[in-house]
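Student: I have a model open on my screen and would like to learn how to read it. Could you take me through it feature by feature?

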Amino acid sequence: MIVVAGEALIDLVPQGAGALAALTPALGGGPYNTAVALGRLGSPTAFCSRVSRDAFGEALLDRLRETGVVVSSVQRGDEPTTLAAATVAADGSAVYSFYVEGTADRLFTVPAALPADTRAVSFGTCSLVLEPGATEYEELMRTAHARGVFTALDPNIRPGLIPDPDAYRARFLNWLPSVSLLKLSEEDARWLGGTPSRWLAAGPAAVVVTRGGDGLTVFTREGGECSVPGERVEVVDTIGAGDTVNAALLHGLAARGALSGQGAAALGADGWRELLGFAARAAAITCSRAGAEPPYAHELDGWAPFEV
């Protein structure tokens with residue numbers, strides 16, 4: 001079981017160009033998208049979050065169930081669902097405005113236990129920024145790692161949600177000793193101001209940096225480095241692309257029995273090249289359609305030599 005911990009929200013996706021384009025609600029949130037992508041790829045997956053009892057919250061849970069994601073660890077609340085309004089640029093990249101005050105997901109508390117067969121827990125995005133939930137997710141990360149569970153982190157920086165950037169950067173560095181796999185974009189890396197070598201020295205076994213259409217690069221604790229190019233597609237938007245990469249990496253590591261710090265570090269250049277190529281193809285499919293719509297396993301035939 002791979003557990004994904006973090007927010008579920010509603011993306012308001014523009015149906016055209018410009019700030020006043022009509023907005024259509026779509027199910028989203030970085031961790032939520034990762035859970036859906038894992039379910040579609042066929043990995044046993046559970047979602048750990050706090051979700052509103054409003055109509056949006058019900059729709060979010062319905063999709064998880066339809067995808068085969070276990071929702072028994074989801075907490076519920078009467079507060080409204082978080083909204084994220086996206087503006088899509090000419091190149092398909094998305095910028096978000098968030099409506100988060102008094103919403104359900106930020107009131108998450110550490111669960112008494114994770115599913116008994118948990119092999120990995122994935123964290124990231126708004127859930128590690130918005131208090132009081134951020135402290136609770138951080139505690140869950142530290143506890144899981146201390147118990148030998150593989151932990152993955154995608155900070156997925158949203159600058160508009162971070163009132164004190166320097167404090168967040170310091171907090172990020174304090175997470176790294178409890179992180180097995182760090183995945184982040186080039187934009188995230190520039191904002192954080194660090195380097196893969198510095199982050200690896202702090203704890204992770206591997207760091208994966210995404211470079212949009214230019215592909216992905218992995219750096220390992222042993223000094224290995226491997227890159228693959230991006231897959232060329234007609235980009236509709238990039239919503240959910242990084243989350244799809246998260247899911248593809250976790251899915252592939254699980255299939256190889258490498259959901260451990262030692263296993264990830266020892267994957268080797270050929271193994272990482274195959275895994276990164278798989279992740280790049282999965283993300284390209286997501287970019288080829290509107291909103292966060294990650295691929296199903298059958299859409300990756302010929303690119304997915306993994307069976308879980």
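Tutor: Gladly, and let's begin with charged pairs. The structure holds 15 salt bridges, a salt bridge being a side-chain nitrogen of Lys or Arg within 4 Å of a carboxyl oxygen of Asp or Glu. Keep in mind that this is a predicted model, in which local features need pLDDT of at least 70, side-chain atom pairs count only at pLDDT 80 or more, and totals for chains, interfaces and linings use all residues. Residues are numbered from 1 along each chain as its sequence is written, and side-chain values use heavy atoms, with hydrogens and water left out.

Student: Which residue forms a salt bridge with glutamate 293?

Tutor: Arginine 63 does, and the closest N and O atoms of the two are 3.0 Å apart. Glutamate 293 sits in the segment after α9 while arginine 63 belongs to helix α2 (residues 55-66), so this pair ties together parts that are 230 residues apart in sequence. Helices here are DSSP runs of H or I with at least four residues, strands are runs of E with at least two, and both are numbered from the N terminus.

Student: Are these two residues buried or exposed?

Tutor: The cut-offs come first: buried means under 20% relative accessible area, exposed means over 50%, and partly exposed lies in between, using a 1.4 Å probe and protein chains only. By that scale glutamate 293 is partly exposed at 30%, whereas arginine 63 is buried at 10%.

Student: Where does arginine 289 find its salt-bridge partner?

Tutor: Its partner is glutamate 299, with the closest N and O atoms 2.9 Å apart. Both residues lie in the segment after α9, ten residues apart. Arginine 289 is partly exposed at 25% relative accessibility, as is glutamate 299 at 27%. Salt bridges can also share partners, and in this way Glu131, Glu138, Arg142 and Arg171 are joined into one network.

Student: Which residues have a positive phi?

Tutor: Threonine 125 is one of them, with phi near 65°. Threonine 125 is also in the loop between β9 and α3, and is buried at 6% relative accessible area. Asparagine 156 has phi near 45°; this residue lies in the loop between β10 (150-154) and α4 and counts as buried at 13%.

Student: What is leucine 64 in contact with?

Tutor: Contact means heavy atoms within 4.5 Å. Leaving aside neighbours within four places in sequence, leucine 64 is in contact with Tyr32, Ala35, Val36, Phe47, Val69 and Val71.

Student: And which residues of the second largest pocket lie nearest its centre?

Tutor: Rolling a probe the size of a water molecule over the atoms shows where empty space is left. On a 1 Å grid over the protein atoms alone, a pocket is an open set of points where a 1.4 Å probe fits, with protein on both sides within 12 Å along at least five of seven lines; lining residues have an atom within 4 Å of a point. The second largest pocket is lined by 13 residues, with Ala113, Leu114, Thr143, Ala144 and Arg147 nearest its centre.
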